[in-house]
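Colleague: I want to go through the labels in this model one by one. For each, give me the value, then the rule.

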Amino acid sequence: MTSVKTPADEAEARAVQDELRTRVVLDEAGPAVGRGLIAGVDVAYDDERDLVAAAAVVLDAATLEVVEEATAVGHVSFPYVPGLLAFRELPTVLAALDALSAAPGLVVCDGYGLAHPRGFGLACHLGVVTGLPSIGVAKNPFTFTYEEPGARRGDAAPLVAADGAVVGRALRTQDGIKPVYVSVGHRVSLDNACAQTLALSPRFRIPETTRHADSLCRRALREAS
């Protein structure tokens, strides 16, 4: 079982990020599009009960049919600190992934990888800890700037950090619909991350992996006693 120790405070969390960031692999292309199994992960919070529910849903990359799904519910073990949200989510996400019998070749996170204020979002953290190729596909822009991409499906524009580095792409997954924000997590190129995202989004703006995981984690939270 993959597990992580919850940092005692913000300083320790930042130190953990700084150490793990050195392990991110950026020189692999990643898995072939449309082949193998792809997992989507997402979380939902119940602030009143201090609970977080995570879902991991595995799809067949060729058909986008659900192969397996798992959930986990736990207590939030780290405070809300911008830039350190992965520490709130990761233990429960890992528990959901560990409950799977299928072995995904790629994990798609509803969030960020390199496109993160500390250059190490959940997609990076999860990828390094599990060793799995991972990408982040976010619904909303964060700490970067970008030009609006063209209006057609597949059009993209770079996400640029404050230091001028390209940390991802705004990607149009459907004609005339708001883009999603794709960034590399671990062991996947940005070109491949965008190609995977398009393949996972044949009908809707959001990848099928995230759509399934979002629905499942919300249901798990409602059912948590």
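Predicted model: local features only at pLDDT ≥ 70, side-chain atom pairs only at ≥ 80, totals over all residues.

Colleague: What makes C124 buried or exposed?

Modeller: Its relative accessibility is 0%, so C124 counts as buried.

Colleague: Now charges. How many salt bridges are there?

Modeller: A salt bridge needs a side-chain nitrogen of Lys or Arg within 4 Å of a carboxyl oxygen of Asp or Glu. The rule gives 14 salt bridges. Side chains of opposite charge can pair when their charged atoms come close.

Colleague: What makes R21 and D18 a salt bridge?

Modeller: Their side chains meet at 3.0 Å, N to O, and the limit is 4 Å. Both residues lie in helix α1 (residues 10–21), three residues apart, about one turn of the helix. Helices are DSSP runs (H or I, at least four residues), strands likewise (E, at least two), numbered from the N terminus.

Colleague: Why are R21 and D18 called partly exposed?

Modeller: R21 has 28% relative accessibility, so R21 counts as partly exposed. D18 has a relative accessible area of 37% and is therefore partly exposed.

Colleague: Which other residue forms a salt bridge with D18?

Modeller: R118 does, with the closest N and O atoms 2.9 Å apart. This pair links distant parts of the chain: R118 sits in the loop between β4 and α3 (122–130), D18 in helix α1, 100 residues apart. R118 is at 24% relative accessibility, so R118 counts as partly exposed.

Colleague: And what about D214 and R218?

Modeller: Their side chains also meet in a salt bridge (3.0 Å, N to O). D214 and R218 both lie in helix α5, four residues apart, about one turn of the helix. R218 has 46% relative accessibility, so R218 counts as partly exposed. Elsewhere, salt bridges that share partners join D18, R21 and R118 into one network.

Colleague: In what order do the strands form the sheet?

Modeller: Two strands pair if DSSP finds at least two bridges between them. Eight strands form an open sheet in the order β3-β2-β1-β4-β5-β8-β7-β6, with mixed pairing. β3 (66–75) and β6 (156–160) are the edge strands, since each pairs on one side only.

Colleague: How do you know that β1 and β4 pair?

Modeller: Strand β1 (residues 37–46) and strand β4 (residues 106–109) share four bridges, in the parallel sense, and the rule asks for at least two. V108 in β4 is the bridge partner of G40.

Key: Residues numbered from 1 in each chain as written. Heavy atoms only, no water. Buried < 20%, exposed > 50% of the residue type's maximum accessible area, 1.4 Å probe, protein only.
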